[in-house]
Protein chains: 2
Amino acid sequence: MSPTTALLTDHYELTMLQAALKSGTAHRRSVFELFPRRLPEGRRYGVVAGVGRALDALERFRFDAADLAVLADVVDEPTLAWLADFRFTGDVWGYAEGEAYFPYSPLLVVEASFAEAVLLETLFLSIYNHDSAIASAASRMTLVAGDRPCIEMGSRRTHEEAAVACARAAYIAGFATSSNLAARSRYGVPTAGTSAHSFTLLHDSEEEAFRAQVASLGTGTTLLVDTYDVAEAVRVGVEVAGTGLGAVRLDSGDLGVLAHEVRAELDALGATGTRILVTSDLDEFAIAGLAAAPVDGYGVGTQLVTGSGHPTCGFVYKLVAREDDAGTMVAVAKRSKDKISIGGRKYALRRRDAAGTAEAEVIGIGEAPVDDGDDRSLLVPLVEGGRVVGREPLDAARARHSAALAELPVAVQQMSRGEAVIPTLHVGG
Amino acid sequence: MSPTTALLTDHYELTMLQAALKSGTAHRRSVFELFPRRLPEGRRYGVVAGVGRALDALERFRFDAADLAVLADVVDEPTLAWLADFRFTGDVWGYAEGEAYFPYSPLLVVEASFAEAVLLETLFLSIYNHDSAIASAASRMTLVAGDRPCIEMGSRRTHEEAAVACARAAYIAGFATSSNLAARSRYGVPTAGTSAHSFTLLHDSEEEAFRAQVASLGTGTTLLVDTYDVAEAVRVGVEVAGTGLGAVRLDSGDLGVLAHEVRAELDALGATGTRILVTSDLDEFAIAGLAAAPVDGYGVGTQLVTGSGHPTCGFVYKLVAREDDAGTMVAVAKRSKDKISIGGRKYALRRRDAAGTAEAEVIGIGEAPVDDGDDRSLLVPLVEGGRVVGREPLDAARARHSAALAELPVAVQQMSRGEAVIPTLHVGG
């Protein structure tokens, strides 16, 4: 693992840099924009995540001697010399972390020389595309779970470093805890977990396993009760831990039916305060389907870390304006048949009615849209002259996610496929 | 980024360890198995990847002072003391990297004390589930692409570290090159790339952009020709670079129709050797659809790094055997309603007919299946007494992938949904 992030990028950014340095255009002041052309099919909103990680990665975006040695076969000497001195000196504005987004929301606006800004394309896209996909899925899960906590436990289903970012993104989007210890270490995400089937199978009987767990972790622990027979395990669990048993976990079978049976059994045994946690390929639809079951918490794995069908966001990073030889900024955009972009620097606000409910995503082309009085500006400074100014505690992003969702129209709570819950309007340009 | 990998794991592994240390069962010799219950829906085979990365990660799986400080709030003092001295001392066998796999293939067999083996669950699953999902998708793409090279360029659509693993897995599965520079640096994956639309838009005209690129990167470069008008761009490209222009890239529109038009134009201009590369949301089906078009190479991004609809493999890591108090190994397995496992240590071979064509995946329970004479044993030693013995060059995995596919029945080439191309047979037990 390199201490720098500069090679977490694509070959062509370096060859473009070389060609632009040689032709004399590399210095041209440029504005790049990171944005989505659409929401994932059927989704009504997206959630911005990865902002803090992108800022961390930017600070480590430099080319050390080992990086330059690798690039010696990729670019020429003048380019290597330029890279050796590279530090990002430009400005970045963006949507704050946890914010909701819609089609064409200008999530990042990067202003710097072409040479500096083009190098950040892949790194910024990787972080934003991944983390926002996870947060967007997580948000639907916590929304439908309501007051019942969601527990992130998908580390094993995704790349080991992506897993850490997933735990972080899920926490921003309202998950209560994660299983991932590196997320606890790096980001302070609360972690939880008790035991797997292997722990029960290690012991000569389920009762011995439960006794071992309770002896070490206390009666407040969560016992996994589906290794053999659920009803018997619940009975033994309460016998071993007493009616103060913290929780039982169900990881297979028809969770809705089982939850009712287990609740009745626990209550009959006097363990009325023992909670029921369910896990097993849950997604937002399964969570919604369990709303009427006596379930006290949801453990979500695979469907969280794979974005519940949408593992990436499709954000792109496009040059939208750059200097000409006279020093004037001109809007630019691809003009061929499909995948059209809108040139010009963008500004954005969320139009709200007098009651504070969001009505539209208003994107100003070349100038800021006018605030009607109840609106909310969306771009905040993240980097000024190369210095990171937009860092904030993770809990601030989590609070922003909650507030941003509360201000959206009530249709945001519909899990069914549909249009974006507010329209995107372009003004100016 | 921590120098150790020990926290890339789940909270519950540590609490299970604590409880087992206290109850005296932690030392029990145990066999864990990493395996798939099924192939992704409709797929006919899977490809094992991540072996080399798992071995690297295992060597860095230790708890340093910073890790232990984090765990001070997770586990008790005796557990912390045990972790401080932790080094894996067990044995691991597994399918070699690049090998094909089928339902229930025992991809990893880990034998160690429960304490040592349980800690590796999440890290091994993360690496195998991710890398094998990517390699499995990549393999279908290179299979259908035939002699035309596939270029991996999906870094921007996935987590920045997952991107590096994707480039590595794609190379194993036959991709010619990647865009990812960190994959070049860490694994020697060949990289390639030339320019994006932003490079064209940076210049005052497409011609100036092409002149800048050719002046710096030579006439063998690949010009991106769909920023404005494709036909005009091809004309200008050949005018600037001459008939020795290396390639043109198409990134939008109807690629099949465009490829025919561009080929005709290039030939008419005398650029008969100029290749046509296509990119734009390609997957194995789109590649198959372009088989009759005059295309010379495929750039694949999103669909590669998201596993073409299957971003994870669903591998699980289960305790299948462990010592009892008398020191005898006993087979164990979960016995509740669904997600049933088969207890007992596994062995595996690929049954082949006299012509060398694979006929079945034969899995021996508790003992090795008998080789009929033309069969091939599948488990190789990866770790002996804690020492990594299974490391090999990446090109060995790439060659194995090619050989493993060549020995499968011809139905493996069908892209349509279907059953595994060979059946899985369990014997013994």
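Contact, throughout this note, means heavy atoms within 4.5 Å. Some ground rules before the points: this is a predicted model, where local features need pLDDT of at least 70, side-chain atom pairs count only at pLDDT 80 or more, and totals for chains, interfaces and linings use all residues. Residues are numbered from 1 along each chain as its sequence is written, chains are lettered from A and ligands numbered from 1 in the order in which they are written, and side-chain values use heavy atoms, with hydrogens and water left out.

1. Let's start with helix α4 of chain B, residues 77-84. Thr79(B), Leu80(B) and Leu83(B) are buried there (buried is under 20% relative accessible area, exposed is over 50%, partly exposed is in between, with a 1.4 Å probe and protein chains only). They sit on the same side of α4(B), because they cover an arc of only 100° around the axis (the arc is that of the directions from the helix axis to the C-beta atoms). Glu77(B) and Pro78(B), on the other side, are exposed. The cover over the buried residues includes α1 (11-23) and α3 (65-71) of chain B. Helices here are DSSP runs of H or I with at least four residues, strands are runs of E with at least two, and both are numbered from the N terminus.

2. Next, α15 of chain B, residues 394-406. This helix has 13 residues and reaches 19 Å from its first C-alpha to its last, close to the 18 Å expected at 1.5 Å a residue (that expected span is 1.5 Å times one less than the number of residues). Its buried residues are Leu394(B), Ala397(B), His401(B), Ala404(B) and Leu405(B). Their arc is only 95° around the axis, so they lie on the same side of α15(B). They pack against several elements of chain B, among them α6 (121-145), α7 (160-172) and β16 (376-377).

3. Have a look at α11 (residues 230-241) and α12 (residues 255-268) of chain B too. The two pack at an angle of about 35°, with axes 10 Å apart; axes are lines fitted to C-alpha atoms, for helices over the stretch in contact, and angles run from 0 to 180 degrees between N-to-C directions. On the α11(B) side the contact uses Val230(B), Ala231(B), Val234(B), Arg235(B) and Val238(B), and on the α12(B) side Leu258(B), Val262(B), Glu265(B) and Leu266(B).

4. Ile134(B) is in helix α6 of chain B. This residue counts as buried because its relative accessibility is 0%. Beyond its neighbours within four places in sequence, Ile134(B) is in contact with Cys166(B), Ala169(B), Leu304(B), Val305(B), Thr306(B) and Gly307(B). His310(B) is 176 residues away in sequence, yet the C-alpha atoms of Ile134(B) and His310(B) are 8.5 Å apart.

5. Ser179(B) sits in the loop between β7 (177-178) and α8 of chain B. With 6% relative accessibility, Ser179(B) counts as buried. Leaving out residues up to four places away in sequence, Ser179(B) touches residues of chain A, including Thr9(A), Asp10(A) and His11(A), and residues of chain B, including Glu152(B) and Met153(B). Its C-alpha is 9.7 Å from that of Gly301(B), which is 122 residues away along the chain.

6. Finally, chain A as a whole. There are 15 helices and 19 strands in chain A, and its C-alpha trace spans about 80 × 55 × 35 Å along the principal axes. Of its 429 residues, 62% count as buried.
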